[in-house]
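Trainee: I am new to this structure and would like to learn how to read it. Could you take me through it step by step?

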Amino acid sequence: MLTCLSGGHVVDPVNGTDGVGDVYFEDGRVVARPDGRKPDVTHDVSGHVVMAGAIDIHSHIAGGSVNTARLLLPEAHRAHKARPAATPLSTAGWSTFQTGRLYAQMGYTTVIEPAVSPQHALHAHLELSDIPIIDKAFLTVLGNEPFVLGSFRDNESPNVVQDYIGATLEATRAIGIKCVNAGGVDAFKKNVRAFSLDDVVPEYGLTSREIFQRMQRAVHATGISHPLHLHMNNLGLPGNVETALATIDASQGLRLHLAHVQFYAYGKEGKNGFSSAAAQFAEKINSSPNVTVDVGQVMFADIVTISSDVMKQFNSLPGGRPKKGVILDAEGNGAGVVPYSYRISDFFNAVQWAAGLELFLLTNDPMRVFFTTDHPNGAPFTTYPEVFALLMSADKRAQWLSRLPADVVALTNLPAIKREYTIYEIATMTRAAPRKLYGFEDRGSLGAGSVADVAVYKTNEKDRAEMFRHAAYVFKDGELVVRNGDVARYTRGKTLHVKPEYNKTINKRLDSYYEDLYGLRRGMFRVEDEALPASQVFAEVPCRS
Amino acid sequence: MSKATLDGAPIAIEDAYQHAAKILGGAKFPVVAGLATDAAGARAAILLAERLRGAYDHLASDQIFNDLDVTRSFGMFITTPAEARARADVVLLVGPGLTEHWPALFERLALGEPARFNDAAPRKILWLGPKRNEAKVEGVEIETIAATPQALPGLLLAIRARVGGRPITLNGAAAKKIDAYAATLKAARFGAVVWSASAIDGLTVEALQGLVTDLNANTRFTGVPIGARGGASGVVQVGGWMTGFPPRTGFGRGYPEHDPWRFDARRLVDSGEADAALWISAHGGEAPAWTRDDVPLITLAPAGAGAARGLYIEVGRPGETHDAVELAQETSSFVLRRATAPSEAPSVAEVIHAISARFSEDVPC
Ligand SMILES: [Zn+2]
């Protein structure tokens with residue numbers, strides 16, 4: 001069936017398109033305008049913006065830690081509305097089913113969960129397969145386990161960790177590698193309470209710097225498209241911009257992705273010893289073309305922090321809102337879940353909110369700066385439309401600033417920044433840039449051959465949030481899944497993963513490592529087809545050629 | 001061939017599915033209870049409860065909430081058995097019957113061997129309130145304090161006080177032992193407390209997690225919970241992602257509501273609020289705890305556990321007669337258990353799908 005979206009404002013930065021035109025698709029793929037054929041269906045989308053489906057590169061939507069958060073906070077996700085027919089559990093607060101529905105309604109069609117430990121890969125896949133409509137994938141977390149630390153300490157050939165990464169990606173069916181507080185999670189098990197770039201992991205004699213650099217090289221060597229996805233040291237601490245700047249300096253000119261950088265954009269100025277250092281940080285990002293970042297914008301809301309940075313999460317417990325939390329020390333990596341509430345009247349929270357926007361507005365390359373709230377750590381993903389509106393309107397920011405504590409306004413550059421994101425820049429950071437970051441060849445663009453994941457928004461210059469909150473149409477693989485902001489039925493998306501070549505002899509060594517250290521068969525953690533619902537469909541993302 | 005009976009008399013399986021669909025599809029507020037099954041079975045059962053606007057509960061919910069209520073009120077420090085095995089230099093066992101609830105406990109945590117980190121110093125094993133003779137394990141030296149389950153919270157509070165350097169009311173030999181325990185716990189580099197919420201109550205779980213919290217002020221300490229029977233930990237996880245909630249969740253209003261009192265299956269059936277029950281007990285064939293016997297009942301249980309009353313449909317045993325995904329105690333993660341003795345008996349998920357396929361058209365999907 002040939003479908004035509006006719007007369008919309010087509011915004012497709014991958015192909016440099018920014019103007020009125022038609023988009024055609026057939027059999028789930030975008031096609032060039034066919035000669036001499038009439039479309040079977042034409043949607044008049046004049047007065048609408050047409051983009052590829054959005055891609056969220058970092059959002060905690062599934063897996064053991066997210067589920068721990070759900071169970072920790074029954075009070076936080078009460079539902080209030082019966083679900084419509086044909087979409088079971090679509091109104092169940094914070095369920096996998098609701099997650100797929102809400103993302104689709106905003107025109108998102110691919111979402112990447114950034115923190116799954118290899119031991120919980122099957123759990124994450126089970127959850128992902130219960131997220132309807134959208135395509136999804138996850139990063140698996142490495143870099144604090146005795147195998148890696150031991151190999152680095154013993155100065156083994158870099159091939160060992162490279163092969164280990166290849167074997168882990170294969171066993172877990174992940175799309176990339178994240179490293180969290182490199183060495184710090186292990187150090188915390190030895191009662192180290194603070195850990196910076198040049199601190200040494202006890203028993204291994206390795207600094208965080210050495211660990212992340214070697215991980216960065218090993219990930220690069222595997223040939224996978226996504227670079228090392230790094231959660232740096234000292235998250236959330238005053239003055240931590242120094243850590244971020246030093247990390248970029250240490251990045252060896254190799255590609256490196258820095259996660260939720262808003263949480264590292266802090267100076268120590270002012271009477272509270274806490275200030276925004278976003279301007280300095282943004283300048284560094286601008287001048288470091290090998291580095292990509294996602295922002296992790298804070299919005300004023302009740303949230304829960306979910307992180308594999310166990311040390312940081314432990315240190316956050318006393319400040320929890322409400323004061324409770326789960327701290328999991330697991331094999332190698334772990335997790336901490338601590339609820340929190342960002343308040344506009346809270347000095348620190350207001351600085352965080354401003355710092356995030358400053359980073360968005362003072363960085364100059366939307367191909368390297370990604371749109372995230374680190375859901376749910378900075379804000380729920382449902383606040384994205386509000387964040388888009390803030391990026392696109394200096395007036396809107398001024399309105400919000402007037403509600404902030406005066407001492408905060410004095411400590412940020414935000415009032416002076418007049419930049420307003422264009423629709424084209426929004427499409428770049430949410431479509432074209434993620435395509436490049438993950439090496440997708442089939443999405444993030446409306447070029448012929450791309451999957452027909454298409455989001456159509458009714459143009460609304462007065463209320464950008466409304467525009468992005470309820471897409472007028474969303475097509476997933478060419479099927480109409482959202483109309484006027486509502487999902488009427490479920491489709492099933494795919495799970496994306498990478499499968500780089502690696503030297504398989506590492507598997508024998510890893511088997512005996514598991515047997516020796518944990519007394520377990522490593523195969524127990526492998527994700528097998530028989531363990532997954534028959535409906536789960538995988539698609540391989542190519543490695544760099 | 002799968003087997004089914006109606007009030008003890010054999011009926012054809014096709015008739016059994018049809019009959020089950022009629023009972024459940026015609027009920028105003030059915031409860032899906034027991035829920036002792038694998039991940040696929042739990043998923044199918046929860047979707048069924050949602051579709052019928054009923055409720056779901058698990059046969060070990062009381063034990064589940066002994067832990068979960070502490071988690072959601074105060075939080076929890078936990079680790080995996082694998083990490084405890086590798087790293088814990090001090091292990092504090094709390095409560096009786098731990099090896100009944102987890103027979104592989106000593107072997108899995110390698111309690112007779114030193115930990116692998118922290119310079120491989122010998123592991124210190126403490127056991128507060130074991131059963132008589134339970135703490136006699138060959139090759140493992142265990143420092144015990146005898147206590148009844150009722151005395152455990154008080155003892156844990158006393159130990160916690162001594163860890164914090166505060167006075168306690170005990171004296172003599174008892175106080176000496178408490179002091180020795182406190183000293184060992186404080187000297188741990190990475191300690192782990194092991195408990196089963198099937199053997200101790202919520203107050204004790206709260207007390208031991210309070211102790212762990214205090215110990216973490218100066219050293220590292222964490223916990224290894226032993227999950228309840230009937231695949232409870234896995235069912236809690238499946239409920240978590242599907243609805244946001246653990247068992248004792250209802251869908252009467254078309255969306256999930258969690259209430260451990262309201263959606264207690266035993267109460268729902270005994271009070272007559274539930275007008276039909278699907279009882280699932282695929283591991284052991286445990287019987288429901290309710291007393292009322294006039295509510296239409298469908299039982300899914302393995303061979304040999306047939307129900308004399310109501311409709312019975314035989315199901316396989318997860319991981320035994322069919323491959324199953326379950327949350328493994330030894331890894332505290334979901335794993336695939338391959339069938340050890342494959343049979344034709346259908347899984348819980350298969351039976352629920354067969355029943356659901358036979359609902360009349362007025363049951364919405
Ligand atoms: Zn994150």
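Mentor: Gladly; we will go through the interface, the metal site and the backbone in turn. This is a predicted model, in which local features need pLDDT of at least 70 and side-chain atom pairs count only at pLDDT 80 or more, while totals for chains, interfaces and linings use all residues. Residues are numbered from 1 along each chain as its sequence is written, chains are lettered from A and ligands numbered from 1 in the order in which they are written, and side-chain values use heavy atoms, with hydrogens and water left out.

Trainee: How many residues of chain B are in contact with chain A?

Mentor: Contact means heavy atoms within 4.5 Å. Here 59 residues of chain B touch 60 residues of chain A.

Trainee: What is the area buried between chain B and chain A?

Mentor: Buried area is the accessible area (1.4 Å probe) that two parts lose on being put together, summed over both. For chain B and chain A that comes to about 4,900 Å², with 57% given by carbon and sulfur atoms. Arg220(B), Trp241(B) and Tyr255(B) supply 14% of the area that chain B buries against chain A, more than any other three residues.

Trainee: Which strand of chain A pairs with β5(B)?

Mentor: Two strands pair if DSSP finds at least two bridges between them. Strand β18 (residues 325-329) of chain A pairs with β5(B) in the parallel sense, over 5 bridges. Within that pairing, Leu328(A) stands opposite Ile78(B).

Trainee: Now the metal: which residues are the protein donors of the zinc ion?

Mentor: Donors are N, O and S atoms within 2.8 Å of the metal (3.2 Å for Na, K and Ca); water is not among the atoms, so sites may look incomplete. The zinc ion has His58(A) (NE2), His60(A) (NE2) and Asp374(A) (OD), lying 2.0 to 2.1 Å from it. His58(A) lies in the loop between β6 (54-56) and α1 (64-72) of chain A and Asp374(A) in the loop between β20 (369-370) and α12 (384-392), so the pair ties together parts that are 316 residues apart in sequence.

Trainee: Which peptide bond is cis, and where is phi positive?

Mentor: Most residues other than glycine have a negative phi, and most peptide bonds are trans. The bond from Arg321(A) to Pro322(A) is cis, with omega near -5°, and Pro322(A) sits in the loop between α10 (310-316) and β18 of chain A. The bond from His375(A) to Pro376(A) is cis too, with omega near -5°; Pro376(A) is in the loop between β20 and α12 of chain A. Leu35(B), a residue other than glycine, has a positive phi near 55° and belongs to strand β3 (residues 30-36) of chain B.

Terms used. Helices (H or I, at least four residues) and strands (E, at least two) are DSSP runs, numbered from the N terminus.
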